[in-house]
Amino acid sequence: MIYVGIDPGKLGSIAFVNGSTAWTVPTDSTHRDLWQALQDAASIAPIQFALIERVSASPQMGVVSAFSFGQSYGALEMLLACAGVSFERVTPVTWQNAMKCRTGGNKNISKARAQELFPTLKITHKNADALLIARLAANYSH
């Protein structure tokens, strides 16, 4: 079974976890590439469940940035819906507490925790949160 974790935004990723195997795709890939990544994952094993980080535009964002972020977030949810993947939204505080890595804005904390859980992967600030969210999805009771 494959579990999916999504850290939305330009600097985020979609993570796929299948037992001890995991891989990621950057969310700034094209819609076609994201769809293909989901289809490729589903060809390996059934996608059981996904969690997407529940975030929103911040007051510091300009109008164009906020609109663009909203479009991207909606596209990621639509990607899951079109693929028939059951998903829920999870707040940063919830997944960070569950994964024992409250960051307080320090991305190095989640990066270090992801490296502990996925020692064979190259962990970056771009993929760490998605991997942790995917690992939580695998343990999530829904």
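**A walk through one predicted chain**

Leu51 counts as buried, with 0% relative accessibility; buried means under 20% relative accessible area, exposed over 50%, and partly exposed in between, with a 1.4 Å probe and protein chains only. Hi everyone, let's start from that residue and work outwards. This is a predicted model, in which local features need pLDDT of at least 70 and side-chain atom pairs count only at pLDDT 80 or more, while totals for chains, interfaces and linings use all residues. Residues are numbered from 1 along each chain as its sequence is written, and side-chain values use heavy atoms, with hydrogens and water left out.

So how confident is the predictor? The score is pLDDT, the predictor's confidence in each residue, from 0 to 100. The chain averages 93, and 98% of the residues score at least 70. When I say helix or strand, I mean DSSP runs numbered from the N terminus: helices are H or I with at least four residues, strands are E with at least two.

Back to Leu51, then. It lies in strand β4, residues 47–53. What is Leu51 in contact with, once neighbours within four places in sequence are left aside? Contact here means heavy atoms within 4.5 Å. The list is Val4, Gly5, Ile6, Glu88, Val90, Ile133, Leu136, Ala137 and Tyr140. For a sense of distance, the C-alpha atoms of Leu51 and Glu116 are separated by 21 Å, and the two residues are 65 apart along the chain.

Ala45 is in the loop between α1 and β4. Is Ala45 buried or exposed? Ala45 is buried, at a relative accessible area of 11%. Setting aside residues within four places in sequence, Ala45 is in contact with Met1, Ile2 and Asn18. Glu88 comes 43 residues away from Ala45 along the chain, and their C-alpha atoms are 20 Å apart.

Now please find Asp129, in helix α5 (residues 128–139). With a relative accessible area of 6%, Asp129 is buried. Its side chain makes a polar contact with the side chain of Ser110, at 2.7 Å. A polar contact is a pair of N or O atoms within 3.5 Å; within protein, one must be able to donate a hydrogen and the other to accept it, and residues adjacent in sequence count only if both atoms are side-chain atoms. Beyond its neighbours within four places in sequence, Asp129 is in contact with Asp7, Trp95, Lys107 and Ser110.

Rolling a probe the size of a water molecule over the atoms shows where empty space is left. On a 1 Å grid over the protein atoms alone, a pocket is an open set of points where a 1.4 Å probe fits, with protein on both sides within 12 Å along at least five of seven lines, whereas in a cavity the probe cannot get out; lining residues have an atom within 4 Å of a point. Points are joined across faces, edges and corners, and a volume is the space filled by probe spheres set on them.

The second largest pocket holds about 290 Å³ of space. Its lining includes Asp129, Asp7, Lys107 and Leu11. By class, that lining has four nonpolar, three polar and five charged residues. Ala, Val, Leu, Ile, Met, Phe, Trp, Tyr, Cys and Pro count as nonpolar, Asp, Glu, Lys and Arg as charged, and the others, Gly among them, as polar.

The largest pocket has a volume of about 340 Å³. It is lined by 15 residues, and Gly9, Lys10, Ser68, Phe69 and Ser72 lie nearest its centre. Which of them gives the largest share? That is α2, with seven residues. The lining divides into five nonpolar, eight polar and two charged residues.

Let's finish on the outside. Leu11 sits in the loop between β1 and β2 (13–18), and Leu11 is exposed, at 67% relative accessible area. Leaving out residues up to four places away, Leu11 touches His125 and Lys126. Phe67, in helix α2, also counts as exposed, at 56%. Lys100, in the loop between α3 (92–98) and α4 (107–117), has a phi near 55°, a positive value in a residue other than glycine. Most residues other than glycine have a negative phi.
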